[in-house]
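Visitor: I am new to reading protein structures. Could you take me through this one by question and answer?

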Amino acid sequence: MFDDVMPGGGFLVATVPLGRTLTREKLTDMQKEFADVARKFVENEVIPRVDEIEVKAEEDGMPLVIKLTKQAGELGLLAVDIPEEYEGLGQDKTTSMAIAEAMYGCASFGATMGAHAGIGALPITLFGNEEQKQQWLPKLAYAELISSYALTEPGSGSDALSGRATAELSEDGKYYILNGEKQYITNGSWADLSIVFARIGDKYTGFIVDLHSEGVSRGVEEKKMGIKGSSTCSLIFENVKVPVENMLGKPGQAAAIALNILNLGRLKLGFGALGNCKYAIDLTLKFGSDRKQFGQPIITFDMQKGKLADMVADTYAVDALNYRAVGDIDKALEQLEHDDTYFDKMIQVLKTYALECSISKIAGSETLMSVANSAVRMHGGYGFCEEYRVERVARDNVVDTIFEGTNDINRLTIFATLTQNIFGAAMPFREFMENLDSDLRNGKVGRIDAEGPLGDEIADCMAAKRVVAYAIDHALIHCGKNIKNDQQVMAAIADMMVALYKMDSTVARAHQVMEDIGEKKAATHLDVARYICYKNGQIICNLATDIIHSVVTPGQLSQKLSNLKKLIACLERPVNVVELRRRIAGAIIEAKEYNL
Ligand SMILES: Cc1cc2nc3c(=O)[nH]c(=O)nc-3n(C[C@H](O)[C@H](O)[C@H](O)COP(=O)(O)OP(=O)(O)OC[C@H]3O[C@@H](n4cnc5c(N)ncnc54)[C@H](O)[C@@H]3O)c2cc1C
């Protein structure tokens, strides 16, 4: 095992990063202050007006949600990612993510603000030239102008770089003439500008497009399942004159812009989902404590406690892995010199964390989906009615699994990045496997010894890494180049990586809390770590067994399964999960809120 955790899945072959990850407990006063400002703004200004936002009410001649976005701008909440030299606040990514987390409770507002300040502004920060930054960023920092991001087309969704919009240089060489249609564009009806992708010949290229230009029209609003208060429509470009100086980056750089912007977008989505998980838990706690059946609050029924414990533990895992990922990204960014190539280097750093960003997106959105689903069911019939907010949380969340790259596409990203790093020796996977194979051959497979109240869980993580690596190695050996046709195997590998990152990050965070406040006060953190390790250990063992069954030839199957069983045996130990769930739920019920 290696102590250095390389980005791009290096945690697979590294020790549990005890004391070496960012956790929410380590946020600085400044970072907490930004999150508090965001939370108070949402609580005081946004949540009381959710019903109006959802029907796209207008105020002062503009959509209410846009008015609120401008108000958030006045508080500086849109300027954190924008460098100070362009009138932004130039804060680190952790601050930006803590704000995203705090924005829970109205996903329509979150999507509007996110499309503006995230995918709508970040391409200019990262890929714009000096003039473009001077021209646009100060106006975006405080929402004087509203932005959007137009990549998707009717025939080009997941295959995002296959768009057919065209940009032809005008005869006088002053403009690109833009033609094409973009679909499902957040803020489409309201935005003043858009980052639009179009082809100059065969070179797919980004442009900053003024949406008030002649030839731009906007389609009708989509009738959506959720985030109904946000705008989603098509943008149609007919011979739109885009000044040549509005080209973003270089011709043919669309892939670099689109894919790198998505990395931070995915992480932000993971943080937004985290906030909404806590929101759904708190709504459920309140409802379940007030609502009585058979003479007792429904939250005190054992079965409901079991569900609550799952909601809490899964949310904790997302919290731990999100802050770990952004903390690692910030640490890498801090090393960069602030010279002319700073943003190029920043893009490279973000690229190396593509895998962790995809995990955050999948873990966040899918945890929220299950948390919201449990929240609705725990509300009974009330959960099915609009008046109770969990109904909206459940509907709004579905799109989190679709945009910023569907979760399927994110699974493919995890697989592609991981294998690239394995084959490119960017992580010491081969050495890890050589040790593992040697231990199997010499009958030396066993649990590592780790001390302390989380010793068993640390040993679980290390054992789980061996199970995951064994399955990956066999999938790569047996499928060879054909693995690109074995998407189910690729998805299973991605899911094992998600489960492993949850375990590893949860144990690291709980350990840190225990060190800080002592074992007794950290009791619920430790219980959550125990439960997350048990739960995700099971997921990993099942997926690894599926993979070995599916990829290994019949002649070798029994020997490979026997090896796998030896590795899985290192994860098997007595865990009273029912008791664990009761304790976790009991602590949260007593606290009357998600307080971890
Ligand atoms: C509310 C909303 C807001 C949006 N906002 C924006 C925006 O602001 N800007 C923008 O550019 N886009 C936006 N989008 C578009 C969004 O990014 C796309 O919907 C998404 O990328 C999926 O593309 P698609 O809808 O064409 O689905 P498809 O690509 O057709 O996918 C359909 C299904 O096939 C699966 N699939 C596709 N390819 C593969 C593959 N290779 N292997 C396995 N499975 C595959 C997908 O996972 C999915 O389950 C928005 C969408 C919505 C719904």
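Visitor: Which domains does the domain assignment of the protein chain give?
Guide: This is a predicted model, and its bounds come from an automatic or database domain assignment. Listed by residue range, the stretches are 24–146, 148–248, 254–404 and 428–591. In that order they are domain 1, domain 2, domain 3 and domain 4.

Visitor: How far apart are the C-alpha centres of domain 2 and domain 4?
Guide: The C-alpha atoms of the chain fill a box of roughly 75 × 60 × 45 Å along the principal axes. Within the chain, the C-alpha centres of domain 2 and domain 4 are separated by 45 Å.

Visitor: Why is the protein chain called as compact as a globular protein of that length?
Guide: The chain has 19 helices and 12 strands. For 596 residues the globule rule gives 25 Å, so a chain with a radius of gyration close to that value is as compact as a globular protein of that length. The radius of gyration of this chain is 25 Å.

Visitor: What share of the contacts with a separation of 6 or more is made by residues 24 or more positions apart?
Guide: Burial gives some background: 52% of the 596 residues are buried. For the contacts with a separation of 6 or more, residues 24 or more positions apart account for 78%.

Visitor: Is A143 buried or exposed?
Guide: A143 sits in the loop between α7 and β3. Setting aside neighbours within four places in sequence, A143 is in contact with T69, K70, G73, L78 and H116. A residue is buried if 20 or more other C-beta atoms lie within 10 Å of its own. A143 has 25 such neighbours, so A143 counts as buried.

Visitor: Which residue of β6 is the bridge partner of S148?
Guide: S148 belongs to strand β3, where S147 and Y149 lie on one side and S148 and A150 on the other, all of them buried. Strand β3 runs parallel to β6 (residues 193–200), and 4 bridges join the two. For S148, the partner in β6 is S194.

Visitor: Which residues come nearest to the ligand?
Guide: There are 22 residues around the ligand. The elements giving two or more residues to this shell are β3, β5 and α13. By type, the shell divides into 11 nonpolar, 9 polar and 2 charged residues. Those that come nearest are G157, S158, T186, T406 and D408.

Visitor: Which domains each give at least three residues to the shell around the ligand?
Guide: The bounds to look for are 148–248 and 254–404. These belong to domain 2 and domain 3.

Visitor: What is the phi of Y184 near?
Guide: Y184 is found in strand β5. With 21 C-beta neighbours inside 10 Å, Y184 counts as buried. Its phi is positive, in a residue other than glycine, and is near 60 degrees.

Visitor: And what is the phi of N187 near?
Guide: N187 lies in the loop between β5 and β6. N187 is buried, with 31 other C-beta atoms within 10 Å. N187 is a residue other than glycine with a positive phi, near 70 degrees.

Visitor: How many residues of helix α12 are buried?
Guide: Helix α12 covers residues 390–397. What covers its buried residues includes α5, α8 and α11. The buried ones are V390, R392, V393, A394, D396 and N397.

Methods
Residues are numbered from 1 along each chain as its sequence is written. This is a predicted model: local features need pLDDT of at least 70, side-chain atom pairs count only at pLDDT 80 or more; totals for chains, interfaces and linings use all residues. A residue is buried if 20 or more other C-beta atoms lie within 10 Å of its own, exposed if 12 or fewer, and partly exposed in between; C-beta atoms are placed from the backbone. Two strands pair if DSSP finds at least two bridges between them. A residue is near a molecule or strand if its C-beta atom, placed from the backbone, lies within 6 Å of it. Ala, Val, Leu, Ile, Met, Phe, Trp, Tyr, Cys and Pro count as nonpolar, Asp, Glu, Lys and Arg as charged, and the others, Gly among them, as polar. The radius of gyration is taken over C-alpha atoms; the globule rule is 2.2 Å times the number of residues to the power 0.38. Two residues are in contact if their C-beta atoms, placed from the backbone, lie within 7 Å.
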